[in-house]
Amino acid sequence: SKGVGIFTIHASKGLEWETVFIARFNEGIIPSSQALLTKTQGDEANIALAEERRLAYVALTRCRKQCFITCALMDGGASRPLTPSRFIDEIPQHCQESAVKNQRSGTAQNGQQQQQPQ
């Protein structure tokens, strides 16, 4: 049957769809704030971040044709700016559309300036 399915990353393991939308791909969501707040040093901190990276990979590889990633610019409840996930920078360039915008620098790949939130 046709329709829209909403899944957590964990529930999507082993499943595939033609098109996938990943909403709010922000720091504090993926990687989770819990992983980012890990106070441990060395291997445990690296393991926590590696697990979050693996989950991001699972989310990004659930599509057969297209994957759309969205990032929130502001936290509506707290009125504070949000940062796109660090894992966006790890997506290979050949997997990105040429019109993908880099929110961190404020410029599109074609060099045009983006409107930044006030």
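**Reading the classifications**

User: Why does Arg53 count as partly exposed?

Analyst: The model is predicted. Arg53 has 33% relative accessibility. Buried needs under 20% and exposed needs over 50%. The value falls in between, so Arg53 is partly exposed.

User: What makes Arg53 and Glu90 a salt bridge?

Analyst: Their closest N and O atoms are 2.7 Å apart. The cut-off is within 4 Å, so the pair qualifies. Arg53 lies in helix H3, and Glu90 in the loop between strands E4 and E5, 37 residues apart. Glu90 is partly exposed, at 41%.

User: How do you know whether Asp75 is buried or exposed?

Analyst: Asp75 has 17% relative accessibility. Buried means under 20%, so Asp75 is buried. The side chain of Asp75 meets that of Arg80 in a salt bridge, at 3.2 Å from N to O. Arg80 is partly exposed, at 42%.

User: Why is the pair of Lys65 and Glu18 called a salt bridge?

Analyst: The N to O distance is 3.6 Å. That is within 4 Å, so the name applies. Lys65 sits in strand E2 and Glu18 in strand E1, so the pair ties together parts 47 residues apart in sequence. Lys65 has 67% relative accessibility; exposed means over 50%, so Lys65 is exposed. Glu18 is partly exposed, at 35%.

User: How many salt bridges does the whole structure hold?

Analyst: The search finds seven. Shared partners join Glu16, Glu18, Arg64 and Lys65 into one network.

User: How many aromatic pairs are there, and what makes the pair of Phe7 and Trp17 tilted?

Analyst: There are two aromatic pairs in the whole structure. In the pair of Phe7 and Trp17, the ring centres are 4.8 Å apart and the planes stand at 45 degrees. Stacked needs under 30 degrees and edge-to-face over 60, so this pair is tilted. Phe7 comes from the segment before helix H1, and Trp17 from strand E1.

User: Why is the pair of Phe21 and Phe68 called stacked?

Analyst: The planes are 15 degrees apart, and the centres 4.8 Å. Phe21 lies in strand E1 and Phe68 in strand E2. Phe21 has a relative accessible area of 62%, over the 50% limit, so Phe21 is exposed.

User: Which residues are closest to the centre of the second largest pocket?

Analyst: The second largest pocket has a volume of about 660 Å³. Of its 24 lining residues, the closest to the centre are Gly5, Phe7, Val20, Phe21 and Ile22. Strand E1 gives the largest share of the lining, six residues.

Key: Residues are numbered from 1 along each chain as its sequence is written. This is a predicted model: local features need pLDDT of at least 70, side-chain atom pairs count only at pLDDT 80 or more; totals for chains, interfaces and linings use all residues. Side-chain values use heavy atoms; hydrogens and water are left out. Rings of Phe, Tyr and Trp (its six-membered ring) pair if their centres lie within 6.5 Å; planes under 30 degrees apart count as stacked, over 60 as edge-to-face and the rest as tilted. Helices (H or I, at least four residues) and strands (E, at least two) are DSSP runs, numbered from the N terminus. Buried means under 20% relative accessible area, exposed over 50%, partly exposed in between (1.4 Å probe, protein chains only). On a 1 Å grid over the protein atoms alone, a cavity is a set of points where a 1.4 Å probe fits but cannot get out, and a pocket is an open set with protein on both sides within 12 Å along at least five of seven lines; lining residues have an atom within 4 Å of a point. Grid points are joined across faces, edges and corners, and a volume is the space filled by probe spheres set on the points.
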